[in-house]
Amino acid sequence: MSDVEAVLTLERAEPGIGPRRKRKRVGRKGWVLPVYMALAIAYLFIPIGVMILFGFNNFKGKFNFTWEGFTLRHWRELFIFRDLTIALENSLLIAAIVTVISTVLGTLIALALTRHKFRGRSGTNLFIFLPMATPEVVMGASLLALFVTIGLARGLVTILISHIMFDISFVVVTVKARTQGFNTEWEEAAKDLGATPWVTFWTVTFPLILPGIMAAAALAFALSIDDYVVTTFNAGQTVTFPLWVFGASRFGVPPQVNVMGTIIFAVGVVLALLNVALQRRRV
Amino acid sequence: MAVAVPSRSRSRRGRSVAYLLLAPGLLWLLVFFAWPIGQMFFTSLQTGSFEEGYQLTWHFQTYADVVGQFNTQLVRSLVYSLIVTGGCLLIGYPLAYGIAMRGGKWKNALLFMVILPFFVSFVIRTLSWKFILADDGMVLGTLKNWHLLPDDFRVLATSIAVIAGLMYNFLPFMVLPLYVALEKLDPSLLEAAGDLYSNRRTAFLKVTLPLSLPGVFAGSLLTFIPVAGDFVNASLLGSVNTTMLGNVIQREMLINNDYPTGAAISFILMAAILIGVFVYARLLGTEELTG
């Protein structure tokens, strides 16, 4: 046993022997940090609570700013604003199409990056990262300039193009996090047992990375349905849910927006929790 | 022969499969991300008008004009971004630290709570603050009724409202990378610091903080970059005195149809962000941060 070790073991056994400085325990329990965390999380919840609450507000005036009593009126009359309903339908349609296409394209890239060695891989990684590091306003403005230059009329198609563009990178990163983790032995085993690459992929690889793909698809959907900045540059006359809400903010947002926001929020949370529960069961 | 070939042919086949997998997605990004940004550089050098069309005249003067005309917004965007990033770091670090070190079995639930705002539309979240901070709304209205605030006191349409809105919206972007860095930290290092008679303060400053710097760096970038380009908060919570570069780009591109000016401002914004990121990386002084 070396001297150092001897000193250390002694130290551990009889703390009193060491220098007479008091040893403070690192990571001691206290109440300040938990209280702070509760406050910080409450702060994050405030606007969500306000959104939900004011969907039930029985207000009379023009602006839905102060609490005037409980009502379910806005839930019953959810679709009385025709253009708001159309905007929501547009957003859902766009998000659905964008999710499918960007999830497929992004997953293919993620597979190439993690399962294959090829020249230009680090360059590809960097290139995938760039759209996430570019301010949205620049992406939106540059796409607008491009569409104007090539004379492509702005509308549903240009919105789809732009959303798929900014979603791909997020899908790649999310799926990659999953494909990087698991070992390739299972795939090797399938190959050794005579499975073709095609069969190996669908019976071994795909089920293993499916949770990652689901998470990526959920993220892609959320980013698309929520996007205002890129969309406003490329929407033309087409109106999406965030565009409608932004436009309405000037003359007072109807409580139907709160109700729709609440429903989207609830569906999102339930789906996320279901995904977690399913993954837990699988493991 | 048939035995010797497989390894080479398989790797070559693997490579061509890789390119096939990459092609559709990369092509999409090349055409709709890289090309537009490259194209925009030429747009920024055009002159003309929306009615008569824009011609490429290599008019670099636009950049100087734009900096002269919009330097207030440029400076304001950078100052707001710095304040918001610093504020998010101050609010977010203890939160991320608490989740990573004291979260225990609640870690995932707490993280889920941090990202909960993402389930509400960005525009609605920002508008919520407009409700909350309204001149006669639930907070200010009440305080005014109790005569705790003068009647003409307001938060909306000031810099404070814009900064507060930005700070709220981008806080989770700061917390998540900080959490990832702190969660990786080996608790035995802190025990070692304690065994070596370091008090909690020193242990934090000498062990925890330096090891969490990559998270600080990543979180700062994820906050600073989108904040510098944001115009939603300035539009919804601010006034003409709080416009940022994003607002100018939006106005030039969508209302004035002055594409060269909008394009030039976009490049100035990107240049400002790149310089900021570079300086910040040098300040933190760790080259491996980016690796």
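1. Helix α3 of chain B spans residues 107-115, and its buried residues are B:L110, B:L111 and B:V114. Helices are DSSP runs of H or I with at least four residues, numbered from the N terminus. A residue is buried if 20 or more other C-beta atoms lie within 10 Å of its own, exposed if 12 or fewer, and partly exposed in between, with C-beta atoms placed from the backbone. Seen down the axis of α3(B), the buried residues fall within an arc of 100 degrees, so they line one face of the helix. The arc is that of the directions from the helix axis to the C-beta atoms.

2. This is a predicted model, in which local features need pLDDT of at least 70, side-chain atom pairs count only at pLDDT 80 or more, and totals for chains, interfaces and linings use all residues. Residues are numbered from 1 along each chain as its sequence is written, while chains are lettered from A and ligands numbered from 1 in the order in which they are written.

3. On the face of α3(B) turned away from the buried side sit the exposed residues B:N108 and B:A109. The buried residues of α3(B) pack against α2 (32-54) of chain A, and also against α2 (61-102) and α6 (159-184) of chain B.

4. Contact means C-beta atoms, placed from the backbone, within 7 Å. Leaving out residues up to four places away in sequence, B:F170 touches B:V84, B:C88, B:T223, B:P226 and B:V227.

5. The domain assignment, automatic or from a database, divides chain A into domain 1 (3-71) and domain 2 (79-282). Nine residues from domain 1 of chain A and eight residues from domain 2 of chain A make the contact.

Terms used. Helices (H or I, at least four residues) and strands (E, at least two) are DSSP runs, numbered from the N terminus. Two residues are in contact if their C-beta atoms, placed from the backbone, lie within 7 Å.
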